[in-house]
Amino acid sequence: MSLWSVLSSPVWGAGSVLLILVLLLRLSVQMWHKFYLWDLQHCSTDLTGKTAVVTGANSGIGKAVSQELARRGARVILACRSRERGQQALAEIQVASKSSRLLLGEVDLSSMASIRSFAQRLLQECPEIHLLVNNAAVCGALQWAGSARVVNVSSFRQSHGYIDEDHLVGAGRPLAFNQNYDCSKLLLASFTGKLAQRLRGTGVTVNSVDPGVAYTKIMKHLSWSYRILFWLLSFFFKDSKQGAVPVLYLSLAKELDGISGKHFSSSCVITLPPEAAQDPHVAQSLWNTSVRLTNLDKVD
């Protein structure tokens, strides 16, 4: 059979059309990301002399954020659970950013003992922290810096969650597939607003942001069938660097100085969080429960 016969067959013709449509859709997604999102390259913010802490910095969005902050001169503490993966990420970020001002901090965010130990070491070594991405355990150091930002990485999935404080102790209503993620992001939105309120007047701002759907290792603990599906759909998702852009916008944009208690969409636009996260009584109750469970005194 000649090549022309193959290319002109109905099956190949339909496949070609489908392939072209997929490529055009992918191109349109890429063009939208390039022209309609905040342009990181046009941001002139210099972080020389500043200290930033990024949790989950050994892969995905956290790693991309850390690399950009380091490139801009910041001293970046990579807060990672695995020392081995953290050291590998640190070495790769050093090469990419040409920065030697990187430190690795081991912390397991599922363990209060580990968090307290990490916070104590951090306060001893870095009394002033100017940027905290997704970790509110060291607010005192942020206040000492005079002007600082807390950026909580949220998700559009927060709208699918519900608030049940019993989930904080492993109880509460049974959670369906992925609802633990959805509910935790909704709780984060509520906490963001309350923390911003309590830090009003300190020079520390707190905002949350949805990075959009990015192809990272977030699905690594799910079954192979979900991972394959995620991989197939990844053609239309952001990569880690694109997913980091909204997070970096909240971290670097000068026009956000003084803006606090807001939620930003993946398009870097202020939007309202879900209604449950806007309830001040729910937020106060969540705050009180968190303080009780962590044995921390209330922050005045």
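**Packing around one leucine**

Student: Which residues is Leu69 in contact with, leaving aside its neighbours within four places in sequence?
Tutor: Contact means heavy atoms within 4.5 Å. Here Leu69 touches Leu47, Ala52, Val54, Ala74, Val76, Leu131, Leu248 and Leu252. Keep in mind that this is a predicted model, where local features need pLDDT of at least 70 and side-chain atom pairs count only at pLDDT 80 or more, while totals for chains, interfaces and linings use all residues. Residues are numbered from 1 along each chain as its sequence is written, and side-chain values use heavy atoms, with hydrogens and water left out.

Student: And how do I read a nonpolar core?
Tutor: It's a set of buried (under 20% relative accessible area, 1.4 Å probe, protein chains only) Ala, Val, Leu, Ile, Met, Phe, Trp, Tyr and Cys residues joined through side-chain atoms within 4.5 Å. The largest one has 35 residues, and Trp38, Val65 and Leu69 have the most contacts inside it.

Student: How many residues are in the second core?
Tutor: That separate core has 20, including Ile77 and Leu122.

Student: What describes a pair of aromatic rings?
Tutor: The distance of the centres and the angle of the planes. Rings of Phe, Tyr and Trp (its six-membered ring) pair if their centres lie within 6.5 Å; planes under 30 degrees apart count as stacked, over 60 as edge-to-face and the rest as tilted. The whole structure has two such pairs. Phe191 and Trp287 are stacked, at 5.5 Å centre to centre and 15 degrees between the planes.

Student: Is Trp287 buried or exposed?
Tutor: Buried, at 6% relative accessibility.

Conventions:
Buried means under 20% relative accessible area, exposed over 50%, partly exposed in between (1.4 Å probe, protein chains only).
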